[in-house]
Amino acid sequence: MRTASISRRTAETDVSVSIDLDGTGKATIATGVGFLDHMLELFARHGLFDVTIKVEGDLHVDQHHTTEDTGIALGQAVAKALGDKRGIARYADIHLPMDETLSRIAIDISGRPFLVFRTTFRVEKIGQFDTELVREFFQAFAMNAGITLHVETLYGDNAHHIAESVFKGLARALRKAVAIDPREDGRVPSTKGSL
Ligand SMILES: [Mn+2]
C-alpha cells in the first residue's frame, strides 16, 4: 500500500496529512484557508490521490505559515508513501491549459529536491489569498517530497486560472511520475540503484 500519514506540530501550525497515491481522488481538506482548500481538492482529484488534510494554523498572523507548513507535510507524506521508489515511472511532464492560461510542469522523482518556478501573478490577492504563497507552497512541497520540480506559466492573465493551472499540472504530472511502470518490474529507475 503506497500510503502515508504525517503529523507536524510547531508553535505556528498543527498539520495532519494522509495520502494514498493509488486512490480515486477523494479529498477531505480543511486548512482554514478557502482558496488553499480549493487548490488541494484539485490536487487530489487530478492526481487520483486520496488526501486528508487538517490544519490548525496561526491565521490571525496571516496565511503564510499555514500554506507553507501544509506544503511541507504533504511533501513529506508523498516521500514516505513512495518509499524506495521501486517500479515508478519517475519522470513526467504536462502542459496544463486553463482557459487563456498555459502552464508546463515537469517532475523528476529524483531524491534531489529542486524547484524552478517561473510563474508570476499580476495581482497580490486571489480573494483573501496572497498569490506569492503559491510559490511558497511549491517550494515547501518540492523540498520535502524530494523531487526536482520545474513549473513555468507560458502565458496567462487571470490569477485564479494561473494558480489552478499549476496545481492541476502538479497533480497530473505527479500522477504520471508515481505511476507503476510494469516494464520496470519493481526495480528502482536509476543506474545508481537508488533514488
Ligand atoms: Mn477554481
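Keep in mind that the model is predicted.

Let's start with the metal. Which residues give the protein donors of the manganese ion? They are H38, H160 and E164.

Now look at the sequence spacing. The pattern reads H-x121-H-x3-E. H38 sits in helix α1, residues 34-47, while H160 sits in helix α4, residues 159-178, so this pair ties together parts that are 122 residues apart in sequence.

H38 comes out at 28%, so it is partly exposed. H160 has 29%, so it is partly exposed too.

Next, the sheet. A quick reminder first: strands of a sheet pair through backbone hydrogen bonds, either parallel or antiparallel. Here we have an open sheet of 4 strands. The order is β1-β2-β4-β3, and the pairing is mixed. Which strands stand at the edges? They are β1, residues 3-9, and β3, residues 27-30. Each has a single partner strand, so one side of each is left without a neighbour in the sheet. On average, neighbouring strands are turned by 5° against each other, ignoring direction.

Take one pair up close. β1 and β2, residues 13-20, run antiparallel. How many bridges join them? The count is 7. Within this part of the sheet, S5 stands opposite S18 in β2.

Helix α1, where we found H38, lies across β2, β3 and β4, with β4 covering residues 50-57. Its direction is about 160° to β3. Helix α2, residues 64-82, lies across β1, β2 and β4. α2 runs at about 35° to β2.

Last stop: A106. Where is it? A106 belongs to strand β6, residues 101-108. Its relative accessible area is 28%, so A106 is partly exposed. What does A106 touch, leaving out residues up to four places away in sequence? Its contacts are A92, D93, T148, L149 and H150. Consider A92. A106 and A92 are 14 residues apart in sequence. In space, their C-alpha atoms are 5.8 Å apart.

Terms used
Residues numbered from 1 in each chain as written. Predicted model: local features only at pLDDT ≥ 70, side-chain atom pairs only at ≥ 80, totals over all residues. Heavy atoms only, no water. Donors = N, O, S within 2.8 Å, 3.2 Å for Na, K, Ca; no water. Helix = DSSP H or I, 4+ residues; strand = E, 2+ residues; numbered from the N terminus. Buried < 20%, exposed > 50% of the residue type's maximum accessible area, 1.4 Å probe, protein only. Contact = heavy atoms within 4.5 Å. Pairing = 2+ DSSP bridges. Axes fitted to C-alpha atoms, helices over the stretch in contact; angles between N-to-C directions.
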